[in-house]
Amino acid sequence: MFSTAFLDLPPLAGAAGTVRLPGSKSISNRVLLLAALASGTTTIHDLLDSDDTRVMLGALRALGCGIEPAGSSLRITGLGGQLPPSLGTTLLPLFLGNAGTAMRPLTAALSLLGGEFELSGVPRMHERPIGDLVDALTQLGCRIDYLGNPGYPPLRIHPVSHDELALGAPIRVRGDVSSQFLTALLLALPLAAANDIVIEVVGELISKPYIEITLNLLARFGITVRRDGWERFTIPAGSRYSSPGEIHVEADASSASYFIALGAIATGVSGQDGIRIEGVGAASIQGDIRFIDAAKQMGALVDSGPNWLEIRRGAWPLKAIDLDANHIPDAAMTLAVMALYADGPSLLRNIASWRVKETDRIDAMANELQKLGATVEAGPDFIRIHPLPVADWLPASIRTYDDHRVAMCFSLAAFNPAGVPVRILEPHCVAKTFPDYFETLFSVAEASEVPVICIDGPTASGKGTLAAEVARLLGYHYLDSGSLYRVTGLAARRAGLEANAANEAQIAALAAALPLQFTEGKVLLAGEDVSDDIRTEAAGMDASRVSALPAVREALQDLQHRFRRLPGLVADGRDMGTVIFPDAALKVFLTAGAAQRAERRHKQLISKGISTTLDSLRSDLEARDARDSSRSVAPLKPAQDARHLDNSQLSIEHSIDTVLNWWQQVQPFKSA
Ligand SMILES: O=C(O)C1=C[C@@H](OP(=O)(O)O)[C@@H](O)[C@H](O)C1
Ligand SMILES: C=C(OP(=O)(O)O)C(=O)O
C-alpha cells in the first residue's frame, strides 16, 4: 500500500495483462457476521483483508468469536446466537471505522443479542445516516440511544429480552436512503424468529442488488427469506443460521470496475492486448457486475466466464452514456471518469445516495473532474460530465476526501491523451476495500516515461540516506547502484562461480536477473537480507573482480534500467545522472566537505565497533575522490544539468526538503 502524502501518476500510455482482485467487501462482511451468529465453525476462503473487514473482525473477536487462520483462509467459530456469559453486563465499545457494512448490520445484530455496546466510527461515519434503521429497531422494542447527533452514530445499545420485542406486527423500515438498513434487519432478525417475522419497506428501495447479495448469503447459511417484490420480506418461523462449513468469497465486482474501465480505455502494451480479471465473472452474485453492461454500452469489448472477465478497447472515443445508476451506486463513479473519454456528455441519474457515502460523492466527483478541466453539472441526484478535449486537460492534484473510490477512479485519468500527470492525494484511503490497488494497477499499466530522480555524489556524502528517504516519501522505487557489484559478487560466490573471465557469461546472466530490492535501509536478495554479507572484506574483493568483467557491467546496466518502474525511481550512485539515466527529470549532485564526510564515516564505523582515526579516513576519502573523478569509465562528475547540493552544514531533513522542493518545481501540479 502507498502510505505517502500523495502519489504522482505519470501519464500512462497503455495497459495489458492479468489481475487477480481481492475479495468482495459486501460478501466478506456479510459472511463474517453470519459465521459469527451461526454455531460451529465456518472456514472462509479468499476473504478480503482491508480496513472494512478488519473492523468487522475486531468487533467479532471482542464479542467472543473464535477467529483463527487456516492456511491462507480464516476459520470462524460462531456464537450460536448467544453472547458468551463472560461478556457479562459490562459496556463493550466497538470502533467500526467507516464501514457501513459493519456499522449497520452490527447495530441490528447487537440490539438483538443482548449486552451493552457503544458503536462508533471515524468522524465521517458520524455523519452517515442510521436513523431509519434505529427507528425500525426501536419500533420493535430494541433500546438504542444516540450519543451525538440524533439519526447518526455513535450509538449506545442496551440489552432487551426477546419476550419484550413486538415481533408480531410487520417491521417497517425506510429503504430510500440506504439498502444497508434492510440488509441489517434481514441478517439479524433470524436471531429472534420464533414466529414468522415480516419486514416492510417504506419508500422506493435503492441499491436493490445488495439485497440480493444478502438473501443469497442468508440462504447459504440455511435461511430462506420469502420475498414479495421489493416491499415485503418474511423470515420464516424457526429460521436458524446453519454454517455451510466452508465458503468462498468472490473477488470484488466494484473493485473490478476500475480494471474493466482500464480495458475499455487503454491500448495494449508490448504486443499484448486487453485486461483479464480473475476471481469474478459474469455469474457473480454481486450487483456491481452489471457495470459490464454500462462499459459495453460505452464501447468496451467484454468476454466473460464463470470466474473471469476479459476486456478490450472497442469504440474510441467511448460512447457517451445516459444511465439510471441506482443499481450500481459504487461502480458508477468509475463511469464518471470514463465519461471524460466519451464522444458527448454523459449523464448518471438517480444517484442521490452518493451524497451520504464516504463523502458527498456528487460534490467530490464534480470538484475533482473540474480540476482536470472538465465541464460538469451536478444536482441533488445526478451528475453530467462533458468529455475533455485533448487541449483542455490540466495536471491536477486530486483530493480524495478519505474516499477509496475517488482515489481509485481518478487513477484512470492518467490515461489522458494530453500526456499530463495526475496527482492523487492521500492515496492510502484505498485501504478501505483495496489496499494494493495502485500496485495492482502498476502491474498492468505502462507509462511512456517513468520519472527518475538521480542522486550522485562522492562516498560518504549521505546520498544513500537521502535517496532512500526521498523514495519513501514519494512512494518510488529505490536503487542503491553502489551495492550492485557487491551483490553480484556475493551471488556469484553462492552459485559457486569464481569471479574470472571463464565464468563471465554465467555471472553476467546472474547479474541480469538479480532479484534485488532495497527497502528500509536493507539490501534484499531474493527476499533475504544480505546487507551485512555484502560489506565484508571478501565481498569487497569479489565485487572488484566481477566489476572487471565487461559483460557483467553491461548486464548491470540493463538491471539498473529495469528498476525504472511505475510509479517512479530514485537512484543513487556515481553515474546515475551522467550514464545510466541521462534523461532523468531531476539530477542532484550531492557533496559535503571531506572533513564532514570523514566525521560521518568515523561515527558510523565507531558505532559498529570498528576503530579508526579521523585523519586516516579523511586522506582515504580524498584519495578516493581523486581516483573517482579521474577514472576513464563513468568518472564521478556532476551531470551538466545537475543541481548541486552541499550538505556539509545541513541536517538530513533539510537536504530531503531541498530535494523534494526541487522535485515539486519540475512538476506541473498546482496546489490542491
Ligand atoms: O450492502 C452493501 O454491501 C452495500 C450497499 C450499498 O450501499 P447503499 O445501500 O447505502 O447504497 C453500497 O454503496 C455499499 O458500498 C455496500
Ligand atoms: C459506500 C461504500 O461503503 P460502505 O460499505 O461503508 O457503505 C463503498 O464502499 O463505496
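Four strands, in the order 7-8-10-9, make up an open sheet of mixed pairing. Its edges are strand 7 (91–95) and strand 9 (143–146); each has a single partner strand, so one side of each is left without a neighbour in the sheet. From one strand to the next, the twist averages 20°. This description, like the rest of the report, refers to a predicted model.

Within this sheet, strand 7 pairs with strand 8 (residues 116–120) in the parallel sense, over 5 bridges. Leucine 92 has phenylalanine 117 of strand 8 opposite it.

## Confidence and overall organisation

The chain has a mean pLDDT of 95, and 99% of its residues reach 70 or more. For the complex, the predictor reports an ipTM of 0.99 and a pTM of 0.96.

The chain contains 21 helices and 33 strands. Of its 672 residues, 49% count as buried. Along the principal axes, the C-alpha atoms fill a box of roughly 90 × 60 × 50 Å. The domain assignment divides the chain into domain 1 (6–22 + 251–447), domain 2 (25–248), domain 3 (450–476 + 568–672) and domain 4 (478–566). Between the C-alpha centres of domain 1 and domain 4 there is a separation of 41 Å.

Ligand 1 has 13 residues around it, of which Ser26, Ser178, Ser179, Ser207 and Tyr210 come nearest. Helix 3 (100–113) and helix 5 (180–188) are the elements that give two or more residues to this shell.

The shell around ligand 2 consists of Asn98, Ala99, Gly100, Thr101, Asp330, Lys357, Glu358, Arg405 and Thr433. These residues divide into 1 nonpolar, 4 polar and 4 charged. Ligand 2 likewise lies between domain 1 (6–22 + 251–447) and domain 2 (25–248), because both give residues to its shell.

Strand 32 (residues 586–591) is largely enclosed by the rest of the structure, because 6 of its 6 residues are buried. In a regular strand, side chains alternate between the two faces of the sheet. In strand 32, Leu586, Val588 and Leu590 point one way, while Lys587, Phe589 and Thr591 point the other way, and all are buried.

Strand 32 is joined to strand 26 (residues 452–456) by 4 bridges, and the two run parallel. Leucine 586 in strand 32 stands opposite isoleucine 453. Strand 33 (residues 643–646) is also joined to strand 32 by 4 bridges, in a parallel arrangement. Here leucine 590 has leucine 645 of strand 33 as its bridge partner.

## Backbone geometry in loops

Two cis peptide bonds may be noted. One joins tryptophan 316 and proline 317, with omega about 0°; proline 317 is placed in the loop between strand 18 (308–312) and strand 19 (322–324). Another joins leucine 566 and proline 567, with omega about 5°. Proline 567 belongs to the loop between helix 17 (550–562) and strand 31 (569–573).

Aspartate 402 is not a glycine, yet has a positive phi of about 55°. This aspartate lies in the loop between strand 23 (396–398) and helix 11 (404–410), and is partly exposed, with 17 other C-beta atoms within 10 Å. Alanine 526, also not a glycine, has a positive phi of about 50°. The loop between strand 29 (522–525) and strand 30 (528–529) holds alanine 526, which counts as exposed because it has 10 C-beta neighbours inside 10 Å.

## Two individual residues

Aspartate 135 is part of helix 4 (residues 131–140) and is partly exposed, with 17 other C-beta atoms within 10 Å. Its C-alpha atom is separated by 9.1 Å from that of arginine 174, 39 residues apart along the chain.

Serine 50 occupies the loop between strand 4 (41–45) and helix 2 (51–62). With 24 other C-beta atoms within 10 Å, serine 50 is buried. Serine 50 and alanine 352 are 302 residues apart along the chain, and their C-alpha atoms are separated by 26 Å.

Technical notes
Residues numbered from 1 in each chain as written. Chains lettered and ligands numbered in written order. Predicted model: local features only at pLDDT ≥ 70, side-chain atom pairs only at ≥ 80, totals over all residues. Near = placed C-beta within 6 Å. Nonpolar A, V, L, I, M, F, W, Y, C, P; charged D, E, K, R; others polar. Domains from an automatic or database assignment. pLDDT = per-residue confidence, 0-100. Buried ≥ 20, exposed ≤ 12 C-beta atoms within 10 Å, placed from the backbone. Pairing = 2+ DSSP bridges. Axes fitted to C-alpha atoms, helices over the stretch in contact; angles between N-to-C directions.
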